[in-house]
Each structure stands twice: as structure tokens, then as C-alpha cells.
Amino acid sequence: MQEDIKEACRIMQQGGVILYPTDTIWGIGCDATNEEAVKRVYEIKKRVDSKALLVLVDTSVKVDFYVNDVPEIAWDLIDLADKPLTIIYSGARNLAKNLLAEDGSVGIRVTNESFSKKLCERFRKAIVSTSANISGTPSPSNFSEISPEIIEAVDYVVKYRQDDMSKPKPSSIIKLGKGGLINIIRE
């Protein structure tokens, strides 16, 4: 696992794109502050860049760095979540502009899974995490379901957990609005 983390970080620091296991399904990832790398992720997924991408961080402290004004309720939601939870925040900052939604919001998930958490810790920046599929096709539940087209398009494929045949679910997604309004996007 350590060699995978070291190599994945090296690739992302050079602007490359990785394929890696997350706290949910396998993801396509890159440095979330690098617009060129983010552009490549959209190209690999054949996805229009008006659809925002979410990012992973290893600790809730980093949410403050990427969001102008984190609503108080967010801290409780992060602490109380018993499964992976992506929260969409208004007022994103310090991230590549082309990964944000048109309204300037961003989805951020604090990961607790060992590999993706250590990857985020070592990389020290938010990492893009979008499902490892061509846009419009089903999301793969494990590595064996990822299309060869995706595998060949990335710069590095993590070896860790490739043989894991469990079928994790995508994260829950909620959007926080003004005044603590919570909008559930996906349960």
C-alpha cells in the first residue's frame, strides 16, 4: 500500500490522473487544484465540465481551507455520519475552477477508509474523486468492472484492493443551503 500511495502522489504532483480505491467505489482522481489535470478527468470520462466533480480530504479541518464559510451544521453532519457522506458547500475556494458547479459550490467528502485517507494525508491537498466510468454508463462496484478504456486512459492504476470483490455503494450526498437548509440529493 505504501508504494502505491507514494507513486500515486508522485503522478498527481506532476499533473497526472490516477485510478484508485476510495471509501466508496473506485475513483478517477487528480490534484483538485490543477485545472489541466481536472480537464483530463473530464476528457477520460467523456463528461461535460459543467457537471461538477467532488473531492476527498482526510480530515474535516481541511474543509475550512476549501470553503469560504462552512455552516455550523456541517461539523455535526461530518461527525455523526455512519457511512460515506459528500456535502455540497457554497463558496468553494482554493480549488481548480473547472471542477466547481456553475454556482461556485463543491462537493467534499472526508474519507475514513485507510487507503484514500493515507493518500490524502500524504498528498496534502484535496483529491478529485469521480466514479471510474464513462459518463452515462453504470458506475463499477469493484475494480473488475472498470472498463479497459478507463484503465488505459489514466497515468497510474493503484494495485491495492484490485482483488476486492465487495460491492460498496456510492456516498450519500447532501447540499447545505443558507440558514442551515439541508437538501438530500442522494440517500
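This is a predicted model: local features need pLDDT of at least 70, side-chain atom pairs count only at pLDDT 80 or more; totals for chains, interfaces and linings use all residues.

Trainee: Okay, inside first. How many residues are in the largest nonpolar core?

Mentor: That core has 43 residues. The ones with the most contacts inside it are Leu-19, Val-63, Tyr-89, Leu-99, Ile-108 and Val-128.

Trainee: And which element gives the largest share of this core?

Mentor: Helix H2 does, with 5 residues. Other elements that supply at least two residues each include helix H4 (72-80), strand E4 (85-89) and strand E5 (106-110).

Trainee: You mentioned Leu-99. What does Leu-99 touch?

Mentor: Leaving out residues up to four places away in sequence, Leu-99 touches Ala-32, Val-38, Tyr-42, Ala-52, Leu-53, Val-55, Val-106 and Val-128. There's also another core apart from the largest one, with 16 residues, among them Ala-8, Cys-9, Tyr-20 and Leu-56.

Trainee: Let's switch to rings. How many aromatic pairs are there?

Mentor: The count comes to 3. Take Trp-26 and Phe-143: their ring centres are 4.9 Å apart and the planes sit at 55°, so this pair is tilted.

Trainee: Why does that pair tie together separate parts of the chain?

Mentor: Because Trp-26 is in the loop between strand E1 (18-20) and strand E2 (27-29), while Phe-143 is in the loop between strand E6 (127-131) and helix H6 (148-153); those parts are 117 residues apart in sequence.

Trainee: What about Phe-65 and Tyr-66, how are their rings arranged?

Mentor: Edge-to-face, because their planes are at 80°, and the centres are 5.0 Å apart. Phe-65 counts as partly exposed at 48% relative accessibility, whereas Tyr-66 is buried at 2%.

Trainee: Now charges. What's going on with Lys-45?

Mentor: Lys-45 sits in helix H2 (residues 35-45). Lys-45 is buried yet has no salt bridge, and the nearest side chain of opposite charge, Glu-149, is 12 Å away.

Trainee: So which residues does Lys-45 touch?

Mentor: Not counting residues up to four places away in sequence, Lys-45 touches Ile-28, Thr-130, Ser-131, Asn-133, Ile-134 and Ser-135.

Trainee: How many salt bridges does a search of the whole structure find?

Mentor: It finds 11. In one of them, Asp-155 meets Arg-40 at 2.6 Å, N to O. Asp-155 lies in the loop between H6 and strand E7 (156-157) and Arg-40 in helix H2, so this pair ties together parts 115 residues apart in sequence.

Trainee: How accessible are Asp-155 and Arg-40?

Mentor: Asp-155 is partly exposed at 38%, and Arg-40 is partly exposed at 26%.

Trainee: What does Asp-103 pair with?

Mentor: Asp-103 and Lys-175 meet in a salt bridge at 2.9 Å, N to O. This pair links the loop between E4 and E5, where Asp-103 lies, to strand E8, which holds Lys-175, and the two are 72 residues apart. Asp-103 counts as exposed at 51% relative accessibility, while Lys-175 counts as partly exposed at 25%.

Trainee: And which residue does Glu-145 bridge to?

Mentor: Glu-145 forms a salt bridge with Lys-167, and their closest N and O atoms are 2.8 Å apart.

Terms used: Residues are numbered from 1 along each chain as its sequence is written. Side-chain values use heavy atoms; hydrogens and water are left out. Rings of Phe, Tyr and Trp (its six-membered ring) pair if their centres lie within 6.5 Å; planes under 30 degrees apart count as stacked, over 60 as edge-to-face and the rest as tilted. Helices (H or I, at least four residues) and strands (E, at least two) are DSSP runs, numbered from the N terminus. Buried means under 20% relative accessible area, exposed over 50%, partly exposed in between (1.4 Å probe, protein chains only). Lys and Arg count as positive and Asp and Glu as negative; His and the chain ends are not counted. A salt bridge is a side-chain nitrogen of Lys or Arg within 4 Å of a carboxyl oxygen of Asp or Glu. Contact means heavy atoms within 4.5 Å. A nonpolar core is a set of buried Ala, Val, Leu, Ile, Met, Phe, Trp, Tyr and Cys residues joined through side-chain atoms within 4.5 Å.
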